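Please find below a colleague's note on the structure shown here. It is arranged as numbered points for discussion.

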Amino acid sequence: MLKLIIVDDEKTTRDSLEAYIPWKELGIDVVATAKNGLAALELAEQTPPDIVLSDVRMPKMDGIELAINIRSRFPQCKIIFLSGYSDKEYLKSAINLKAVSYIEKPIQIEEIKTVIRKTVALCKEEEKQKAQTDKLNNLLTENEPFIRQEVTLELIKENPDVSGLSVKYENLFHMLDSAHSFIVYSIAINWDSSVDNDTRIDCRRNLLKIFCDLIELNNLAGFTEDNQMTIISAKTQDCKLSAFQTALKLAGELSSNASGLFTFSIGIGTPSPDYKNLQDSYYTACSAVHNQFYDSTKNIFEYREWSGSYFEVGKSVYTDFKAVLKKRDFTGAAGIIKNITDRAAIEMDNDINSVKNVFFNLLLIIFEVARENHFINKAQDSEKKYIWQEIDATKTLASLSKYVHTHVETILVQANDKDSVNHKIHVIMKYVHEHYAENSLTIQTIAENVYLSQTYLCAFFKKSTGKTLNEFITEVRIEKSKELLKDSNIKLYEIATSIGFTDANYFSTLFKKYTGYTPSEFRERVYS
């Protein structure tokens, strides 16, 4: 919708222009009039004009001064001057102000119409260009996290194609060129086993956007194929944050967006003066984040030089472990696991896979003894594949030790107690009933408290009960909500919160899925 203001100190001229020019036909939707520049400026503040058709000589504020003010406040506004004087100075001012036209009085209607058509066409062309530019900018904004990911993953390569990227993403490299040092941060995202792949993809996309929006850190961010997040922080002279303070800021953002979906650890790389050679910083960041394996009490790690120690155990350890298991000596088996764990913590071998392999061998022995002594049946023995998959996914030495310790306990309990499966299911269900009101209740927290791996826990529960653990948790919460619905004074969002849901709408959707009614309908039908 185009708006035009007619400005002239002669009322007859104003009224004639307003009445005899077919503005609608020319594409002008709103026409207003003002008797001088000052009145026109006040009008423009209320309704910003697209075109101003103004006399030059007027009292209080002439047309040139008005145009200067209009141009500073509304740069895209088109100016058309009217004048009964052929004054060269006014003509020069009109040219300097980039006026569309300078029309001499007495006014010719056809000349006015021609100029207005030209000006309207100019306005519409600029509006079209602006729409295209806005669309392109919005597209670039939406895709910026993925652009930054592409640049990030290229820069951490051994021989990055910097010249090709700098041509393709010129503006981004202006930011990099203005920085004086760079640090790579490697972030290990440890997903809860209950998080499905679509949720993980959405979460990764959200994290990329969040970290790219931290303008003060000048971040580049991207996910590598091994599901670790890499962040390149470009330090400018104005940035006063230390590497550790930056890591703390990153940790704060991760914590705010984890929502029980994942835990994380951050490795801080060594500084680099040049973004064209970030290999060392990337390598040291990856090495630093691996320290989470040995220290589960922290989630930020700085690079340390490797001590050169290798962790390995002799065959006699495995022989002794098998012997105590055959004797059903739980204390002896636990002691061997503890000794191995303590030694691994002291050696801190950089090759974490070799440490995991030792514990993997212990698991093989556990199942070998269990099978030989008929502690488990064939069906249970086949479930060891779930356990073996968990070894590689285990993130800390403490949890790995606990993991193996738990399987010793489980196998020996099964050897001595035929009702061990029912007992374990009872323990799991009891834990859910005690903690259903906590929105932090996850498969991971249950697994940690019943001493089973997440994968094995899910498979064990489904096999024993015929339903998934998540289904059981939901059923418990729905049943508790039914009891609360008896009290009509309790609001629905209060019920949702009290049974572990943070979103009342999600609670209502689940309730209807399980009962066939919304909470309100259920309350009315059952308790009214």
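1. The coordinates under review come from a predicted model. Every value quoted in this note should be read with that in mind.

2. Pairing within the parallel sheet. Strand 1 (residues 3-7) is joined to strand 3 by four bridges, and the two run parallel; in this pairing Ile 5 stands opposite Val 52 of strand 3. Strand 3 is in turn joined to strand 4 by five bridges, again in the parallel sense, and Ile 51 has Lys 78 of strand 4 as its bridge partner. Between strand 4 (residues 78-83) and strand 5 there are four bridges, and these strands also run parallel. Here Leu 82 has Ile 103 of strand 5 as its bridge partner.

3. Burial of strand 3. How many of the residues of strand 3 are buried? Five of the five residues in strand 3 (residues 51-55) are buried, so the strand is largely enclosed by the rest of the structure. Burial applies to both faces of strand 3: Ile 51, Leu 53 and Asp 55 lie on one side, Val 52 and Ser 54 lie on the other, and all are buried. The reader may wish to note that the buried set includes Asp 55 and Ser 54.

4. Strand 9 and its neighbours. Seven bridges connect strand 6 (residues 181-191) with strand 9, and the two run antiparallel; Ser 186 stands opposite Gly 267 in strand 9. With strand 10, strand 9 (residues 262-268) pairs in the parallel sense over three bridges, and Ile 268 stands opposite Glu 302 of strand 10. Six of the seven residues of strand 9 are buried, so this strand is largely enclosed by the rest of the structure.

5. The largest pocket. The space in the largest pocket amounts to about 1,500 Å³. Its lining comprises 48 residues, and those that lie nearest the centre are Asn 190, Ala 393, Thr 394, Lys 395 and Thr 396. Which helix gives the most to this lining? Helix 17 (residues 397-416) does, with five residues. By class, the lining holds 16 nonpolar, 22 polar and 10 charged residues.

6. The second largest pocket. This pocket has a volume of about 840 Å³. It is lined by 25 residues, with Asn 439, Leu 441, Asn 470, Arg 477 and Tyr 506 nearest its centre. Two elements give two or more residues to the lining, namely helix 21 (469-484) and helix 23 (504-515). Helix 21 gives the most, with five residues. The class breakdown is nine nonpolar, 11 polar and five charged residues.

7. Cysteines. The structure holds zero disulfides. Are Cys 203 and Cys 458 buried or partly exposed? Cys 203 has a relative accessible area of 8% and is therefore buried, the cut-off for that class being under 20%. Cys 458, with a relative accessible area of 29%, is partly exposed.

Definitions and conventions: Residues are numbered from 1 along each chain as its sequence is written. This is a predicted model: local features need pLDDT of at least 70, side-chain atom pairs count only at pLDDT 80 or more; totals for chains, interfaces and linings use all residues. Side-chain values use heavy atoms; hydrogens and water are left out. On a 1 Å grid over the protein atoms alone, a cavity is a set of points where a 1.4 Å probe fits but cannot get out, and a pocket is an open set with protein on both sides within 12 Å along at least five of seven lines; lining residues have an atom within 4 Å of a point. Grid points are joined across faces, edges and corners, and a volume is the space filled by probe spheres set on the points. Ala, Val, Leu, Ile, Met, Phe, Trp, Tyr, Cys and Pro count as nonpolar, Asp, Glu, Lys and Arg as charged, and the others, Gly among them, as polar. A disulfide is a pair of cysteine sulfur atoms within 2.5 Å. Buried means under 20% relative accessible area, exposed over 50%, partly exposed in between (1.4 Å probe, protein chains only). Two strands pair if DSSP finds at least two bridges between them.
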